[in-house]
Each structure stands twice: as structure tokens, then as C-alpha cells.
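Dear colleague,

Please find below the structure that I am handing over to you. My notes on it follow directly after.

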Amino acid sequence: MAHRNSPLHAQRAHDGALEVPPVKRIVLDRHPTAIPPPAVEDDGALRRRPAVGGPERLRLQGVSVSYAGKAAVKDVSLSVHQGEVLALIGPSGCGKTTLLRTLNRLTELTPGATRGGSVLLDGHEVHQLADTELRARVSMVFQQPNPFPMSVFDNVAFALREQSRKRPRRREIEPQVIEALRRAGLYEEVRDDLHRPALRLSGGQQQRLCIARAIALRPEVLLMDEPCSALDPRSTETIEQLIGELSRELAIVIVTHNLQQAHRVADRVAFMYLGDLVEHGEVEQVFRTPKAPRTRDYVKGVFG
Amino acid sequence: MSGSSQVLATRARPRRSSLRSWRWSDRIVYLLAWFSGLALCLVAGALILYLGVRGIEYVSPSLLFSRPTAGVDQSQIGGILDPLLGTLLVVVIGIFIATPIGVASAVWIVEYGRPRWLARAVESSIEIVAGTPDIVIALFALSLFQLGLFGFLSFTASGGGVYGRSFLTAGVAVSLLAIPPVFLATRDGLQTLPGHQREGAFALGKTRVATIRRVLLPGVRPNIGTGVTLGMGRIIGDTAIVFLLLGVGASQRFDFQGGTPGLNALRGTGATLTSYIYTTSPAGEGNAPQKAYAAAFVLLLMVLALNAFAGFVAGRGAAGKMSFGDRVRFGAWA
């Protein structure tokens with residue numbers, strides 16, 4: 001993964017001459033196992049589709065979060081629209097993930113966390129919604145793929161079941177499960193045996209299963225917390241394409257450390273630093289002509 | 001960096017250096033470790049071998065399936081059917097009480113655990129119960145169950161005194177032996193479940209109860225299985241509680257005392273394999289060594305089978321496969 005993140009390699013890939021990284025000469029009796037990083041075409045292909053710019057889903061007004069009195073997010077105001085991908089970028093510990101988890105009130109689970117300001121979902125303050133209803137409408141995919149210890153089918157069915165008081169029968173929810181798996185681009189790979197344990201899937205498949213689970217309830221907003229950082233490049237590519245497709249019908253907020261990824265998938269970018277929202281705007285604007293010096297320092301590696 | 005690790009791996013290293021080249025201190029520690037492991041194996045092997053040799057010649061289907069009778073000679077005192085069933089009955093009652101309590105308190109400790117002082121109090125109470133000698137539990141339980149309040153658990157003498165000794169009271173008392181292992185195994189399992197599994201369920205809009213029922217408990221099912229098996233082992237092996245709360249006597253049969261046999265058998269006294277061994281063995285207070293050896297052999301087999309099962313359950317959990325219960329549930333839904 002380190003190869004992908006380094007601007008040097010991205011540059012090399014751009015030149016067309018794909019070089020095999022030098023293999024240490026000391027290893028005489030083995031075939032070189034190092035594989036060149038795949039050439040990622042960072043031309044923003046996913047973004048080239050016209051941004052839909054649908055209705056506003058989430059609006060954050062002066063949101064601040066602190067853990068036991070220590071401020072993690074300070075006075076952030078943003079809005080998230082349906083049909084677009086908002087990427088939160090910034091160095092480690094700058095509050096991206098905290099901000100993301102505030103949107104579906106997962107920060108509440110941390111003892112000592114307090115929130116100020118307001119988060120409006122379709123104009124309603126999220127604290128006035130039941131947390132279960134909110135989280136069904138604003139669902140989340142985590143950094144580490146976390147399928148439940150049950151079958152592929154049940155992982156998705158679990159999201160659908162128990163929303164209702166009466167436990168729906170299997171064949172009633174089967175179409176919805178298959179639909180969710182299909183939208184997450186996983187159905188073709190698991191259709192033969194929907195009842196295999198989810199933990200036997202590969203990491204990328206597990207993450208897509210988590211996405212299927214998250215979109216099965218037809219949420220309005222999908223939060224993704226570094227969804228690709230535990231995955232290999234190929235799975236990353238699949239998931240990025242998936243993000244592009246899903247963003248037509250959903251509002252997506254994605255936290256990522258990978259600036260190239262933010263550049264590839266996002267329509268808008270918000271740069272955070274030490275809890276402050278330093279700058280946000282269209283992706284090209286933030287990456288090519290950042291206004292704040294801090295942003296410029298942070299994103300300058302993207303284009304080599 | 002990968003290159004250097006490959007270099008390390010490819011460099012030929014002697015598989016095992018000779019003990020002669022070791023320092024003396026290393027040699028001593030090595031040999032001590034070796035021999036203590038070996039000694040334990042020898043003890044276990046000798047136990048099994050001895051009981052096997054002595055027991056197997058006396059174990060027979062007629063012994064297993066015939067009921068004990070009163071008699072002066074060991075050829076006349078019948079078989080071990082009643083103690084065998086008694087052991088099973090006590091185990092079943094004990095486990096049925098211990099499992100829900102152990103699992104529920106572990107879930108409360110890990111998932112809720114507020115207020116903090118109460119959680120700490122619960123944990124130390126369970127440690128105290130785990131550390132209490134079973135004879136103390138037996139004395140405490142006997143004085144408790146002889147109160148009129150608990151008269152329904154056993155028989156009442158004509159004078160109004162509650163007998164306090166029955167399968168039910170013994171089952172309740174032995175459940176205290178099984179609660180700590182069930183609790184500890186479940187708690188450790190819940191604590192090692194990755195936090196993002198909980199959050200994953202919460203992030204789907206699940207309530208705490210749904211998360212616990214559908215995600216956490218299935219996730220720790222192997223742990224619960226291990227704890228239950230260990231608890232069963234403790235119950236099977238217990239003698240003091242059975243001795244005080246179930247009754248003594250090699251000829252103990254299920255005590256029906258008329259009326260509905262099901263409930264009255266539970267309210268009546270009886271014997272388990274351990275108390276049977278105690279009352280038949282010359283080392284205890286009997287004179288029927290053949291019966292004692294046979295019963296001891298059967299008891300040992302039960303414990304070994306339970307241990308093997310516990311290892312199987314724990315190993316399956318570690319392999320990350322789907323649990324047996326999930327298979328069952330798919331079957332039910334398909």
C-alpha cells in the first residue's frame with residue numbers, strides 16, 4: 001500500500017514506463033516476489049460524470065465535539081447533498097472520523113463525548129430522531145471490514161430484520177437482500193452459496209458485504225470511514241467504482257487518508273486540521289488552487 | 001524491507017543445536033521444563049491406565065443398566081444406573097440454572113457495566129463464589145434450603161421440618177460451581193470481540209438488545225460452550241455438595257415417595273457417581289471396591305469426553321467458522 005500512496009510511484013505510472021521496483025540482490029535463490037504496483041489512472045474518471053447536485057441531505061451548523069472536555073472537532077459547518085461524494089481529508093487525529101461518527105451519533109457511545117452545534121437531516125435535528133431510525137437512514141461502513149459471524153445472506157438480512165416488529169420470513173426479504181448484494185457488486189460472486197459464512201470471504205468481498213448491509217435499508221446518507229485502507233489495490237478499485245455508482249442515488253461522506261483516492265472519488269473535499277475545518281470546496285479547486293496555506297502544504301504531493 | 005526478511009529466512013540455520021553447546025543454566029532450565037511436562041503426562045497416563053485396568057473388568061452393560069439394591073456383599077448391591085442418572089440429573093439442573101445467570105451477568109458487565117462500582121461488586125462476588133470450597137457452599141445451601149420458604153424444593157417431615165435435601169436443592173447448589181466458568185468464558189469472549197462489530201450493528205440502526213442477541217451472543221457462542229463444558233466438569237466432579245444435599249448410601253435409588261413420579265423424583269434424594277464411589281469404596285466408607293472402580297472409570301470417561309468436547313468447541317471458535325447454532329438456524333429458515 002505504501003507504493004500507492006507515494007506520489008513518486010503515481011508519477012512513474014503516469015509516464016507509461018512501468019518499472020519493476022528494484023529487488024534486493026542478496027536474494028539469490030528466489031524469484032523476486034515484489035510485484036509492481038498497478039497503474040492507477042488518476043484522471044478523475046469516476047468524477048467525470050456530471051455531478052448530480054441533488055437536494056441537501058445533511059447540514060452541519062457549528063458542530064463541535066469534545067471528548068471529556070478535549071475538543072476534537074471545532075465549529076464545523078458543512079452541507080452534504082444527495083448525488084455527490086464529500087471527502088474529508090486531513091492528517092491523523094484531525095477529527096475527520098469523529099466528525100463522521102457524529103453524523104449518525106455513534107460518538108454518543110464513547111463515554112464523555114459531548115457535541116455542540118446542530119446536525120440537521122432533511123431539516124430535522126438528529127438528536128430528535130430515535131438513534132435507531134437515524135442510523136438506518138444514515139448508515140456507515142467502517143475501516144475494518146466487520147461482517148457479523150453469520151452467513152452472507154444473514155448479514156444483509158440482519159439489517160432488514162428486526163426493523164419491523166414481526167420477524168419477516170426469509171422469502172419475503174430475499175429479493176431485498178439480493179438487490180442489496182447486487183448494488184454492492186457482490187451478488188455475482190456469492191450467488192452460488194449465499195449461506196457460506198461471511199468470514200470466509202476475502203477482505204474486499206467482506207467490505208462490499210458491509211456496504212451491501214449498509215445500503216440494504218436504502219439510507220439517504222452513507223458514511224464511509226476509510227473503507228479501503230485495509231484492502232488491496234484491486235479491491236480498492238472495485239470499491240471506488242462502487243462509490244461512484246452509489247453516489248448517484250445517495251449522499252456519501254468518505255473519510256480518507258489517501259489523497260489520490262479523494263481526488264478520484266470525491267466531488268467536494270473538506271480539509272480538516274486539528275479539529276478545524278480549514279477549507280472545503282470543489283475537488284479540483286481544493287487540490288489545484290487551495291486557498292489556505294495549510295491545505296496547500298497538505299495536498300501538494302497529489303499531482304507530483 | 002521485504003528483501004532483508006527474505007535474507008533472514010533463506011540463511012541456513014542449524015535446526016537444533018546440540019545440548020552440549022548450551023550454557024549450564026540453559027541446560028538445567030530446559031531439562032526442568034521437559035521433566036515437569038513429562039511428569040504431568042505420566043501422572044495423567046497412570047491415572048487413566050490404573051482406572052482403566054481396574055475399572056474395565058467390572059464395567060458391564062448389566063452394571064450400567066441395573067439399579068442398586070441394598071445388600072451386604074458387593075455381588076448383591078446391583079448396578080450403578082441410579083447414580084449415573086443422578087449425575088446426569090444434577091448436571092442438567094445445575095447447568096440450566098448456571099448458564100443463563102452466567103451469560104446474563106457477563107453481558108451486563110461487558111455491555112452495560114454501569115454503575116461502575118456495582119460492576120466491580122458483581123465481578124468480585126463471582127470470584128468469591130469461584131473461590132469458595134464446595135463444602136462451604138453445601139453447608140450454606142443446606143441451612144438455606146431447610147428454611148420453610150424453600151419447602152417446595154424438597155420434602156417436609158411430618159413435624160414440619162423441611163428436609164432440604166433433594167435433586168433440586170443439590171442442583172441449585174452445584175449451579176454455583178458452574179456459574180464462574182460460564183461467566184468468565186463469556187466475559188472474556190465478549191471483551192475480545194472487536195469493538196467495530198458492536199459499532200457495525202449500532203450503525204445499522206440496531207438496538208442494544210438486537211446487537212447482543214444477534215451479533216454478540218452468536219459471536220461468543222464457542223466461549224459459552226467452553227464455559228458450560230468446564231462448568232459441567234466441575235459439577236460432575238463435585239462430591240461435597242452432593243454428599244450433603246442429595247443423601248448418602250450405596251443403595252440410594254430415585255426416591256419417588258408416591259405421587260407424581262417426575263416432580264417427586266426431583267424433590268427426592270438420590271446419589272451421583274461421586275457419592276456412589278465414596279459410599280462403595282473402601283477408601284471411603286464402603287466395602288465394594290469393584291463397584292467403586294467401575295463407577296470411577298465411568299466418571300473418568302465422562303470427564304474426558306467433556307474435556308475433548310470443550311477443546312472441540314473452543315477450536316471451532318478459533319477457526320472462525322460458522323457456529324453450529326447458525327447451521328441449525330439456516331436449517332430452520334430454509
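**Findings**

Chain B contains 15 helices and zero strands. Please note that this is a predicted model. Of the 334 residues in chain B, 39% count as buried. Among the contacts of chain B with a separation of 6 or more, 72% are between residues 24 or more positions apart.

**Strand pairing in chain A**

Strand β1 of chain A, residues 56-67, pairs with strand β2 of chain A, residues 70-81, in the antiparallel sense, and eight bridges connect them. Within this pairing, A:S66 stands opposite A:A71 of β2(A). The hairpin formed by β1(A) and β2(A) has two residues between the strands, and A:A68 adopts a positive phi near 50° there.

β1(A) is also joined to strand β4 of chain A, residues 113-121, by eight bridges, and these two strands run antiparallel. Here A:V65 stands opposite A:R115 of β4(A).

Two packed helices are described by the angle between their axes and the distance between the axes. Both values are given below for two partners of α5(A).

The partner I take up to begin with is α6(A). Helix α5 of chain A (residues 152-160) packs on helix α6 of chain A (residues 170-183) at an angle of about 110°, and the axes are 9 Å apart. The angle therefore makes α5(A) roughly perpendicular to α6(A), since angles of 65 to 115 degrees count as such. The crossing of these helices, α5(A) and α6(A), is right-handed. On the α5(A) side, A:F153, A:V156, A:A157 and A:L160 take part, and they meet A:I173, A:Q176, A:V177, A:A180 and A:L181 in α6(A). By class, this contact of α5(A) with α6(A) comprises eight nonpolar residues, one polar residue and no charged residues.

The other partner is helix α8 of chain A, residues 203-215, which packs with α5(A) at an angle of about 30° and with the axes 7 Å apart. α5(A) is therefore roughly parallel to α8(A), because the limit for that term is an angle under 35 degrees. The crossing of α5(A) with α8(A) is right-handed. A:V152, A:N155, A:V156 and A:A159 of α5(A) make the contact with A:L209, A:A212 and A:R213 of α8(A). The residues of this contact between α5(A) and α8(A) divide into five nonpolar, one polar and one charged.

A:V156 is listed in the contact with α6(A) and in the contact with α8(A).

With kind regards

Methods
Residues are numbered from 1 along each chain as its sequence is written. Chains are lettered from A and ligands numbered from 1 in the order in which they are written. This is a predicted model: local features need pLDDT of at least 70, side-chain atom pairs count only at pLDDT 80 or more; totals for chains, interfaces and linings use all residues. Axes are lines fitted to C-alpha atoms, for helices over the stretch in contact, and angles run from 0 to 180 degrees between N-to-C directions. Helices (H or I, at least four residues) and strands (E, at least two) are DSSP runs, numbered from the N terminus. Angles under 35 degrees count as roughly parallel, over 145 as roughly antiparallel, 65 to 115 as roughly perpendicular and the rest as oblique. A crossing is left-handed if the near helix is turned anticlockwise from the far one by less than a right angle, and right-handed if clockwise. Two residues are in contact if their C-beta atoms, placed from the backbone, lie within 7 Å. Ala, Val, Leu, Ile, Met, Phe, Trp, Tyr, Cys and Pro count as nonpolar, Asp, Glu, Lys and Arg as charged, and the others, Gly among them, as polar. Two strands pair if DSSP finds at least two bridges between them. A residue is buried if 20 or more other C-beta atoms lie within 10 Å of its own, exposed if 12 or fewer, and partly exposed in between; C-beta atoms are placed from the backbone.
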